[in-house]
Amino acid sequence: MTQSSPSPPLLDMRGIRKSFLGVPALAEASFQVNRGEVRALIGQNGAGKSTLIKVLTGVYKADGGTVTFDGRPVAFDSPHAAQLGGIATIYQEVNLVPYRTVTENIFLGRERRRFGLLDWRRMNAEARELLAGLDVHVDVTRPLREFSIATQQMTAIARALSFDAKLVIMDEPTSSLAEHEVSVLFDVIRRLRDSGVSVVFVSHRLDELYAVCDRVTIMRDGRTVDDRAMADISKYELVSKMIGRDLAEVRRAASRAPHQAEAAPVIEASGLELGQALRGVDVAVRSGEIVGLAGLLGSGRSETARVLFGADAPDSGEVRVDAEPVRFAVPRDAIRRGIGFSPEDRKVEGIIPQMSVRENLTLALLPRLTKAGIVDRRRQQQIVERFIERIGIKVSSADQPIRELSGGNQQKVLLARWLCMNPRLLVLDEPTRGIDVGAKQEIQSLIRELADDGLGVLFISSELEELVENADRVVVLRDGRNVAELRGDQISEERIMAAMAHGAAVEAEDGAR
Amino acid sequence: MNQLLAFRTRASNVLALQRHGALIALIALLVFGIVRYGDRFAGENLANLLADDAKFALVALGMTFVIMSGGIDLSVGSVALLGGVVAAQASGAGLVPAFGLAVLVGLALGSLNGVLIAKVRLEPFIVTLAALLGVRGLALYLSDKKAVVASGTGSFQDFGRWELLGLPVSAVFMFAAFLIGAAVLRYTAFGRTVLAVGGSEDAARLMGLPVARTKFVVYAMSGALAGLAGAFLAAQTGSVSTDTGIGWELSAIAAVVVGGTLLTGGVGSVMSTLVGVVLLQLIFNLIVFENSMGAIEISSFWESVIRGGFLLLVVLLQVKLSRRRASGGTAPA
Amino acid sequence: MPETTTTPAAPSAAAAPAVRRKTSWAAYTQRYGAGTALVALLIFNALFTANFLTPANLLYVQLRQAAPVGIVALGMAMVIATRGIDLSVGSVMAISGQVGALALLSGTGLVPAVALALLAALLCGLFNGTLVARYGVQPIIATLILFIAGRGIAQLLTDGRLQNVDDPAFQFFGLGAIAGIPVQVVLLVVVAAAIWFVARSTPFGRYLVATGDNEPAARLAGVPVRRVKLIAYATSATLAGLVGLMEVARVSASDANNTGLGMELDAIAAVAVAGTPLTGGRISPVAVVIGALMLRLLQNTLIAHGVSREVAQMITGFIIVAAIYVQRQAGEGAG
């Protein structure tokens, strides 16, 4: 397929708006994909890229804007309609049926028939042929789940191709692939492009974008902020556009007294490995110290946090608390050692939605609140009131169900859940995400205050500004490995970004393994 | 990576192994029975056993499809009772009207379940539980709480005595129904959709498969088959007692699971359900024979204990399978 | 007649635009529907049923009939609070009744016999709980095993024969009264109060609800979810065992073939009809007791007024579906 370059784009989305319950997720977003092009779509969490894709593929209906595909205005009302219209989507979690065979997963919904009955011989042959075109040679009559994730991805791609898709969307297809599997996938993407199919490639691994994409669209806060040829944009610029910090420096808060660098770490982890996510992470937190953990999505930040808290068991590596090796089987073990954890996804892993603020706040403390096995309600109430006041949680009463609270107040309750236990270490995964500015400031200064009182904090954030303003030390992860460690005046958005982008520390090489 | 792959392959063989295991156990028990009890066991006894099994098997067939779709149908026993009652009551009108009415009644009740589950989207467990209670009430009301005796003459009563190829007609019917069921599963888009819906409803929806319609059909089918099972019972025994069908749903589930169908849906085999049904019944049959030998006395109550033991074994096997799967890194929904 | 007892058919089409109103209506029905139905039934019976408002009828007929289901349903509610289900309660009743009767007849004396029976029930519960909590087996299947095998075990204990138990001290459990109140009713109140207290005032009670509401979050908050589930199944089975003993005592005979038959369904229905979602995260002993009383009174009322037992059963089935339909509406409004 030869397309002259000035031809209209295959896909043209303009002025796309979409709100959820009044909260805008997309504000005048636009997105173009040319024919026979591999287009990168990047942005932080909440930037709107997945909403944009879902609008395109008919999962959501846009509030406004126009979508033109293959020269015609379209508005798909279901993923199936989008598929029939020539847009195939391959989701991050392979969205196929694991127990069914490879052939079935390719042909479900459009089975080939003969005399009204399914023609397995023909379907198997076509499946084999489709996959051979992708350089995959497997027994297509085996259940899909017997094969590697890479093969599963290839099956999803084969399914997409069997629809004669003109546009294939790949949403973080590489997140669970090993390196050689990624290179196979890239060959496939290049071949697709050469045969005239366009590909939208969503990934947080910058190297991959440069390896396979022609152009990039960068989104932030529901808007499209840039649209450039991959060759014309540096990694550093890419990251800064994505994060929304221009190259000018945010002033670091008045330099603080250097923290007890000589103090023994409260917690110390070395050589953590976990599947494809962690490939050797070292991190230590001392008492009174806020350690920032930076890295793009998929760099292993959250996985590190979960391992430290005993929520996941590492494949290898060691965790020491007070220099004593520990092996947490369940979070309860970590809690007993004075560790608290605020998970990334408040709704799914943090709050107990139907329970009251009082109960959510004291859930971990309950064993210590009992007298003869009975919860001491008066003490419970005192503690709850004290923390509601101290942290400034806005509730009508302590009996209000937590699901009725705003995100910021929910987060405060979750922080209070640990603070009331007098912890020695808090692991906070994106504690200020989705929270309004005021509450954010309050939470940040609370954390600072607690650290000054001797609490150790591991602070994970996608916002570099937040890390620069709050952390005493920043550990940067990239692809599941430490790539830099910055301390004191070395901490700057520029340096963190550079480490996130290039994987090399500008200075302070001691963090790299 | 290769280790992981090997792991997964081995794990997925567990279900196949279980299926073959059930078949091997069945064959072993048959051989044991023939060797130990001789012709007395082999000929007419086995034919009767199959004829007896037919009604359970039909219920289990419907249940297989329901479970493969990721659901459950607790109402089958009650629907079978109702089917038996209406068939017996209509038996004077002849074979076809009686069977037709039973199937229609079952189909209607199954469709009601199907609508509530597929369209109104209530939980299958509770909907079919309520149907279990309500339909039994309806059946008892229609039968006036007495055993319903089928009309003594005519084609309906004769039906139970028909033979085909030396087998009781109900056994022939059972084999035919399972062959058709297996073909539907393997050679129709509907069959594949049932498995896809059970395997991952979200994925099925994203693939544009008719999820609601498929769910509706499996419940309707299960109801119709349960009604048919009731009619068979009425034709074979000439009367339908009021305690018919109690616990059938759970026996059917046990047979389906022992046969190697995954309870979480998405994987299954029709023929192995038949193996499961016959296997579980054969255990009972063997106990009877052993007792008739007089050497040892095995209480018939062992039957349910052994059934439960089988179920436990199968469940633990499946746990092992899913553990392996989890450690293998893939996590199908 | 059904309209006096339950909600009218849901006006779903008409109410579609008025989401807010529908929500509050449904929330009300979810919360107080069963209670309102119970009160309506009481009033109806007071007016139209002869000899209804007599202590003898209320205590020794209505309440005593409802109490066993109520006690089992309370245990079931604990399991349901963790997002589980316990199908084995009927079989456990049979096992416990058989063990108790057997022990009594072999002359162990009352206390050891009761203790042995409850121990047997507890072991059943631990078996269920281990499968669910330790091995992650789906609750339906895990408890189906004992549902099937348990009755066989009970029958094997005496080869299915009826055991007559005429120990007067033991019969007290089934026929006795404390201060004029049947012992079953006293136990129902005691168990309900105990569970109410435990659920409200002990860490375990809060863990129970937290586990069913959001298991991953509860685990991350240090809740010992496995132990919580194990205890829930153990309690459910032990309560079932207790009721099994009471039933044996009441009829002065242990019948492994029939004790507790169908109890699992009655108990689940009692829990569900009074607004406890089967999706877990909530427990209300008061609602469970109301649900059990309401379903029993509904059936008795219908039967007393010439509706056959069978039709009453059909109506019960209908009401269960109606109740969960309403619950779902309320759930969607809130979520």
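This is a predicted model: local features need pLDDT of at least 70, side-chain atom pairs count only at pLDDT 80 or more; totals for chains, interfaces and linings use all residues.
Figure 1. A crossing is left-handed if the near helix is turned anticlockwise from the far one by less than a right angle, and right-handed if it is turned clockwise. By this rule, α5(A) passes α6(A) in a right-handed crossing. Helix α5 of chain A covers residues 149-162 and helix α6 of chain A covers residues 179-194; their axes come within 10 Å and cross at roughly 15°. Angles under 35 degrees count as roughly parallel, so α5(A) is roughly parallel to α6(A). From α5(A), the residues Ala150(A), Gln153(A) and Ile157(A) take part, and they meet Glu181(A), Val184(A), Leu185(A) and Val188(A) of α6(A). The contact of α5(A) with α6(A) is made up of five nonpolar residues, one polar and one charged.

**Figure 2. The open sheet of chain A that contains strands β1 and β4.** Four strands of chain A lie in the order β2-β1-β4-β5, and their pairing is antiparallel. At the edges are β2 (23-33) and β5 (72-73) of chain A, each of which pairs on one side only. Inside the order, β1 (residues 11-20) and β4 (residues 64-69) of chain A pair in the antiparallel sense over five bridges. In this pairing, Leu11(A) stands opposite Phe69(A), a residue of β4(A). Strands of a sheet pair through backbone hydrogen bonds, either parallel or antiparallel.

**Figure 3. The hairpin of strands β23 and β24 in chain A.** Strand β23 of chain A (residues 473-478) is joined to β24(A) by six bridges, and the two run antiparallel. Two residues lie between β23(A) and β24(A) in this hairpin. Asp479(A), in the turn, has a positive phi of about 50°. Across the pair, Val475(A) stands opposite Glu485(A) in β24(A). Is strand β24 of chain A mostly covered or mostly uncovered? Strand β24, residues 481-487 of chain A, is mostly covered, with six of its seven residues buried.

**Figure 4. Helices α3 and α11 of chain B.** Chain B has 14 helices and four strands, and 56% of its 333 residues count as buried. Among contacts in chain B between residues at least 6 apart in sequence, 78% join residues at least 24 apart. The view shows helix α3 (residues 44-68) of chain B against α11(B); the axes of these helices come within 8 Å and cross at roughly 175°. Angles over 145 degrees count as roughly antiparallel, and α3(B) and α11(B) are therefore roughly antiparallel to each other. Residues of α3(B) in the contact include Ala51(B), Leu58(B), Phe65(B) and Val66(B), while those of α11(B) include Val218(B), Leu225(B), Phe232(B) and Gln236(B). By class, the contact of α3(B) with α11(B) has 17 nonpolar residues, three polar and one charged.

**Figure 5. Surroundings of Ala212 in chain B.** Ala212(B) belongs to helix α11 of chain B, which covers residues 211-237. Why is Ala212(B) classed as partly exposed? Ala212(B) has 16 other C-beta atoms within 10 Å, whereas a buried residue has 20 or more and an exposed one 12 or fewer. Apart from neighbours within four places in sequence, Ala212(B) is in contact with Ala118(B) and Lys119(B). Asp158(B) is 54 residues away from Ala212(B) along the chain, and the C-alpha atoms of these two residues are separated by 41 Å.

**Figure 6. The interface between chains B and C.** Here 35 residues of chain B are in contact with 35 residues of chain C. On the chain B side, α6 (124-143), α12 (248-258) and α14 (302-328) each supply at least two residues. Which of these elements gives the most? With 13 residues, α6(B) gives the most to the side of chain B that touches chain C. That side divides into 24 nonpolar, six polar and five charged residues.

**Figure 7. The interface between chains A and C.** The secondary structure of chain C comes to 14 helices and four strands. Of its 335 residues, 59% count as buried. In chain C, residues 24 or more positions apart account for 80% of the contacts with a separation of 6 or more. At this interface, 25 residues of chain A are in contact with 19 residues of chain C. The elements of chain A that give two or more residues to this side are α10 (331-336), α11 (346-350) and β20 (374-375). The side of chain A that touches chain C has 17 nonpolar, four polar and four charged residues.

Key. Residues are numbered from 1 along each chain as its sequence is written. Chains are lettered from A and ligands numbered from 1 in the order in which they are written. Two residues are in contact if their C-beta atoms, placed from the backbone, lie within 7 Å. Ala, Val, Leu, Ile, Met, Phe, Trp, Tyr, Cys and Pro count as nonpolar, Asp, Glu, Lys and Arg as charged, and the others, Gly among them, as polar. Two strands pair if DSSP finds at least two bridges between them. Axes are lines fitted to C-alpha atoms, for helices over the stretch in contact, and angles run from 0 to 180 degrees between N-to-C directions. Angles under 35 degrees count as roughly parallel, over 145 as roughly antiparallel, 65 to 115 as roughly perpendicular and the rest as oblique.
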